[in-house]
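Trainee: I would like to learn how to read a model like this one with care. Could we go through it feature by feature?

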Amino acid sequence: MLLHTPICDLLGCTYPVVLAGMGGVSRAELVIAVTEAGGFGFLGMVREPVALIRAEVEQVRQHTNLPFGVNLIPAATEDTLLEAQIATCIELKVPVIGLFWDLSAPLVQRLREAGMIVVCQVGSVTEALAAQAAGANALIAQGCEAGGHVRGDVSIDVLLSDIVAAVDIPALAAGGIASGADLATMLALGAQGGVVGTAMIATHESFAHNYHKERLVAAKCGDTLLTDVFHINWPMGAKVRVLANSVTRGEHGDPFTAARTMVGHEADRPFYLFSTDSPLRSMTGDFEAMALYAGTGVRRIDAITGAGEKLHQIVREATALLEAGVARPDEPVPFASPACFAHEMNETYMGFYGRDELLAALNELLEAERAGARVALRTMAECTDERLIAQMQTLHRDEARWCGMLINAILQLHGLPSKRTGMFYEKAMAIEALPERLAFLIVGQKWVTRKLQGLLPNVRNESLHVSLTAMLVAHERAIVTAQQEVGL
Ligand SMILES: Cc1cc2nc3c(=O)[nH]c(=O)nc-3n(C[C@H](O)[C@H](O)[C@H](O)COP(=O)(O)O)c2cc1C
């Protein structure tokens with residue numbers, strides 16, 4: 001069970017794949033499908049009346065005995081309703097509560113005292129530390145790639161690494177996770193699992209309207225954006241990641257005027273233009289002009305499938321990648337599963353590096369790879385050229401994979417993986433012109449190959465030697481590809 005992490009035992013699921021508590025979308029049918037497939041699911045109950053919460057909880061319990069959660073957002077809920085929601089969840093003994101946006105320490109404490117597991121979604125290290133201090137059992141680190149409301153402005157790999165380094169409680173990663181490769185990368189960076197939102201909207205069981213699902217399938221890389229124009233019902237300035245549409249293009253006028261225009265309805269309940277409501281099965285209206293939430297992982301959604309099928313696909317792919325020690329199944333790189341070799345490394349032997357020398361070299365490489373991964377990610381966000389974006393994605397994924405391998409090797413030596421990012425990051429990001437920055441990235445890759453060439457003759461352990469050789473070959477290949485395909 002490669003994929004089973006400690007948070008699975010905390011939440012009571014088989015796989016560390018968690019359905020995001022998406023307001024409107026994550027209803028009982030979706031939670032049941034995800035739970036039955038071995039994942040964990042949150043009902044998205046933001047601003048929902050207690051009668052609906054009761055009905056949804058009951059429906060889940062009628063279909064499964066497995067644990068599930070309810071997600072609430074205090075900052076977006078009127079006080080009286082929030083209090084009724086909390087009291088209902090406590091009365092119903094909901095096993096897990098997910099909270100998002102402004103942290104309320106007394107609320108976390110109250111829920112813990114009521115015997116519930118509390119999971120807080122956060123967008124910064126400061127928030128993560130506050131949630132831990134308040135008594136949260138686990139965190140969801142939400143990167144700015146996420147669909148829906150986005151709390152912070154940091155990309156998931158950076159935020160996750162920083163949070164994992166700062167807190168003692170388990171952290172899940174959220175934002176752009178739509179494949180097994182995404183999940184494997186997050187696990188390699190220290191997450192205990194992945195939270196999937198957007199990819200679960202495009203399933204038969206989600207409560208989203210078919211219009212929304214089909215728009216997700218049709219969307220391409222670069223079709224999402226962060227905006228605050230969908231603001232009604234939420235604190236001012238809250239950003240959402242959505243598909244670009246007539247509203248984000250400004251075709252409906254000023255979003256912040258007092259006048260309200262109806263854009264849809266559900267029975268006799270109206271929905272307004274510029275509100276945060278997204279198209280649901282139960283609605284009619286002008287769906288194109290609603291908030292079409294989507295994370296950056298939307299580019300990997302190519303069909304509407306069953307939620308269980310989607311989850312198993314993610315699990316199968318992540319497992320295969322972890323087993324093979326690679327992040328991309330189409331290009332297998334054989335690095336050995338690192339058997340524990342700490343006992344071999346206590347003394348220098350025949351001129352090979354001793355443990356301390358080796359740890360220093362591995363940590364130097366780890367910092368460099370982390371820097372490369374961060375530069376690729378940031379650069380990707382600035383690119384408009386699809387070919388370059390794809391190049392940066394590959395580079396980012398590879399660098400993240402090597403970070404995982406190096407962390408693993410350092411841990412096998414009973415060493416402490418460095419939390420630092422190499423100086424290369426600052427230097428590369430100081431270069432504003434993208435072609436020059438990309439050329440500098442290749443300089444960085446060449447630096448890593450030279451380091452590896454120097455290190456390899458000094459590595460005695462066969463397993464580590466194979467892994468580092470694979471890393472060298474992959475870097476050499478990446479340099480050639482960049483030079484040939486992108487013309488650097
Ligand atoms: C349609 C939609 C609705 C969401 N509603 C909520 C919500 O009510 N509460 C919450 O904590 N997060 C909500 N989120 C954010 C998710 O918890 C999560 O951070 C996000 O979906 C992860 O990114 P991804 O969509 O790229 O997978 C929502 C996201 C989407 C896409």
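Mentor: Let us begin with the overall layout: the C-alpha centres of domain 1 and domain 2 lie 32 Å apart. The assignment, whose bounds come from an automatic or database source, gives domain 1 as 1–324 and domain 2 as 325–485. Residues are numbered from 1 along each chain as its sequence is written. This is a predicted model, in which local features need pLDDT of at least 70 and side-chain atom pairs count only at pLDDT 80 or more, while totals for chains, interfaces and linings use all residues.

Trainee: What is the mean pLDDT of the chain, and over which residues does pLDDT stay under 50?

Mentor: pLDDT is the predictor's confidence in each residue, from 0 to 100; here the chain mean is 89, and 93% of its residues reach 70 or more. Over residues 326–349 pLDDT stays under 50, although the model has 57 contacts there beyond four places in sequence, a contact being two C-beta atoms, placed from the backbone, within 7 Å. Where pLDDT is low, the predicted coordinates should not be read in detail.

Trainee: In what order do the strands of the barrel run?

Mentor: Strands of a sheet pair through backbone hydrogen bonds, either parallel or antiparallel. Strands are DSSP runs of E of at least two residues, helices runs of H or I of at least four, numbered from the N terminus, and two strands pair if DSSP finds at least two bridges between them. In this model 8 strands close into a barrel in the order β1-β2-β3-β4-β5-β6-β8-β9, with parallel pairing. Strand β1 (residues 17–19) is joined to β9 by 3 bridges, and Leu19 stands opposite Val196 in β9.

Trainee: Which strands form the open sheet?

Mentor: The open sheet has 3 strands in the order β7-β11-β10, paired antiparallel, and its edge strands are β7 and β10 (224–227), each pairing on one side only. Between β7 and β11 (residues 239–243) there are 3 bridges, and His149 stands opposite Val240 in β11.

Trainee: How many residues surround the ligand?

Mentor: The shell holds 31 residues, the closest being Gly23, Gly147, Gly148, Gly197 and Gly295, where a residue counts as near if its C-beta atom, placed from the backbone, lies within 6 Å. The elements giving two or more residues to this shell are β4 (96–100), β7 (148–150), β9 (194–196) and α9 (198–201).
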